[in-house]
Amino acid sequence: MGSYGDLPAELVTERLRLRRWVPSDAEGYRGLWLERDPRVPPVRRIDAEGRPAVEEIRGWLLDNPLAADPGLGLLPIELRDTGEFIGYCGLTVGHGSFDEPEIAYELAQRAHGHGYATEAARAVVEAAARTGRRRLWATVWEWNAPSLRVLEKLGFHRSDRITEDPERGLTIWMTRVLDPA
């Protein structure tokens, strides 16, 4: 494992602020779970008993406010002009590694179609380059065309790796070599 700088705890763009999680984000984060496509694995959706509940999520945020390995993180996204929580974006080991982490993002449906995912992810890609990392990964279901478009706008390209899942379809592995900061 290499030596890298940490992903900053705050990133600011023209319209967005990515920052550390706070307990009050639990309700907005749970809202993302409620909106998830039925093809998303059940473990990442609200179950028949209504779990995870807001209090469970609040506990997760207190236990691991970055929701990732040290030096990486998933940061909540808020609109700068209103402070409204609209999703998250950041770096995690996920399907990648600490040296070559995976970028992850998810936005509330009300925030789709405004370029926010691209804007937030661009800030994270630039911050990743400043940590000294050389490559990022992303995994996305083939049916998630909007997410594929975001990644392509950010300079990610399809690798030769595809994961097949008979229930959820193909997962496309995309990658991007980072420019040295």
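Predicted model: local features only at pLDDT ≥ 70, side-chain atom pairs only at ≥ 80, totals over all residues.
Tryptophan 33 comes out buried, because its relative accessible area is 8% and the cut-off is under 20%.

Next I checked tryptophan 60. Its relative accessibility is 39%, and I logged tryptophan 60 as partly exposed.

Then I listed the ring contacts. I found nine aromatic pairs in the structure. One of them joins tryptophan 33 and tryptophan 60, with ring centres 5.8 Å apart. Their planes stand at 45°, so I noted the pair as tilted. I looked up where the two rings sit in the chain. Tryptophan 33 belongs to helix α1 (residues 26-35) and tryptophan 60 to helix α2 (residues 54-63). The two are 27 residues apart, and the pair links distant parts of the chain.

I turned to tryptophan 137 and tryptophan 173. This aromatic pair is edge-to-face, with 75° between the planes and 6.2 Å centre to centre. Tryptophan 137 lies in strand β6 (residues 135-141), tryptophan 173 in strand β8 (residues 169-177).

Last, I looked for charges over rings. Arginine 161 has its charged end over the ring of tryptophan 173, 3.7 Å from the centre. I also recorded arginine 133 over the face of tyrosine 4, at 4.3 Å from the ring centre.

Technical notes:
Residues numbered from 1 in each chain as written. Heavy atoms only, no water. Phe/Tyr/Trp six-rings, centres within 6.5 Å; stacked < 30°, edge-to-face > 60°. Helix = DSSP H or I, 4+ residues; strand = E, 2+ residues; numbered from the N terminus. Buried < 20%, exposed > 50% of the residue type's maximum accessible area, 1.4 Å probe, protein only. Lys NZ or Arg CZ within 6 Å of the ring centre and 35° of its normal.
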